[in-house]
Amino acid sequence: MTRGMHNTAPAIRDRWRNWLFDQALPLWSRAGFDSARTLFHERLDWQGRPIRLDALRLMVQARQIATYCRAAIDGVYDAGAQALDCLDRVETLFHRADSQPGWVFSIGTDNRPANTKRDLYAHAFILFAYGWAIRYADRPKDREMARCIADEIDLIFTADNGGYLDAIPDEGRQRSQNPHMHLLEAYLVVFEATRDSFYLDKAQKLVELARAHLIDARSGLLLEFFAPDWSPLAPRGANQVQAGHLFEWSWLLRDFGRLAGVTQNGSDAEAGWRNLTALHLFRAGFAHGCDPERGVVLDSMSDTHTVLEHSARIWAQTELLRLLYTPGLTDKADQATHYASAFMDIFAPSHLEGGWIDHIDAQGSALVDYMPASSLYHIYGAGREIIGHKPVA
């Protein structure tokens, strides 16, 4: 532990606690909630006022529902009933709203479907929301809907050569790792809520997909995009890698191991691969995808470790922080405090009173003029680790 850490670490934990519990969560459940529609707003302006949009996306509603159920479970902010009311409203407005299986992508101001495409990423998050609703209230109808969503995902998106299509209609040009990652996350949450091995088996298949295709054998890095046959979309050196997603997969591989151990799922060799891969992804992202002087995670690099974008999104910061504050994973206690403090200074300045800057350029200037609700899901996941655990000495 570096000199002064005993004084610095508690101070940053208190700063995060006060900001997240006393400002951010209240802001987005009050100003960020449209009580007339029983739906969350997607954006607030810098003064914390709702920005009205022509359409609201399923993904954003699902993320907010999950976050407030989780905060209620943790006992830090009691808006769980509001989240359940929103979930019931979302089911009415989005599920089979065009009389077809699955969930429409977005609805308009008249509450009718605005975009009826079926999006795997959005389906992953509505399943994730039901998982946290089950953890919070355990309503039988939520268990039934979670299974319905899983079955509809298989029906709508299953690809002939493994994994899933990104969306329907499918343009047939590429596959993406990102929706698969969030589907893995959702299956793990629902498994932990229900202890139904059906969901753990689904998660196992996605871990196998990552090992077979998503993690590049040459570089050991998780690639973002693939051709329809699961080959890398670009030549070596030109494939995009996002450090934030390296950190997310590192977390999820460890989380799968934690939950799989409950049922003794898999072999010792598989567990060894997961642990080594989780550590490698973390180390690669931290060594090559961050700006240590500023204390930020950069937007992207190549599969040969060349930084492609020096800009930085807020979500990637939170995925690193979640790992830095995980006991037993790293020995970077000083870096944990450095990055947690930089987050507050850069992305959550005090004048926004619970709001945040979602995207900055290489010089630290904002690239957006609003606060997106979708970031809260990432922020809460990191915040509970920072507040609940001391960095590893």
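Leaving aside residues up to four places away in sequence, Arg-322 touches Glu-248, Trp-251, Gly-381, Ala-382 and Glu-385. This is a predicted model, so read the contacts that way. To find the residue, look in helix α10, which covers residues 314–324. Is Arg-322 buried or exposed there? Its relative accessibility comes out at 8%, and because the cut-off for buried is under 20%, Arg-322 counts as buried. So here's an arginine that is buried and has two glutamates, Glu-248 and Glu-385, among the residues it touches.

As a reminder, strands of a sheet pair through backbone hydrogen bonds, and they can do so in a parallel or an antiparallel way. Take β14, residues 300–302: β14 and β15 are joined by 2 bridges in the antiparallel sense.

Finally, head back along the chain to helix α2. It spans residues 58–74, 17 residues in total, and goes 24 Å from its first C-alpha to its last, close to the 24 Å expected at 1.5 Å a residue. How much of α2 is covered? Mostly, it turns out: 15 of the 17 residues in α2 are buried. Just after α2 comes Gly-75, with a positive phi of about 75 degrees.

Methods
Residues are numbered from 1 along each chain as its sequence is written. This is a predicted model: local features need pLDDT of at least 70, side-chain atom pairs count only at pLDDT 80 or more; totals for chains, interfaces and linings use all residues. Side-chain values use heavy atoms; hydrogens and water are left out. Helices (H or I, at least four residues) and strands (E, at least two) are DSSP runs, numbered from the N terminus. The expected span of a helix is 1.5 Å times one less than its number of residues. Buried means under 20% relative accessible area, exposed over 50%, partly exposed in between (1.4 Å probe, protein chains only). Contact means heavy atoms within 4.5 Å. Two strands pair if DSSP finds at least two bridges between them.
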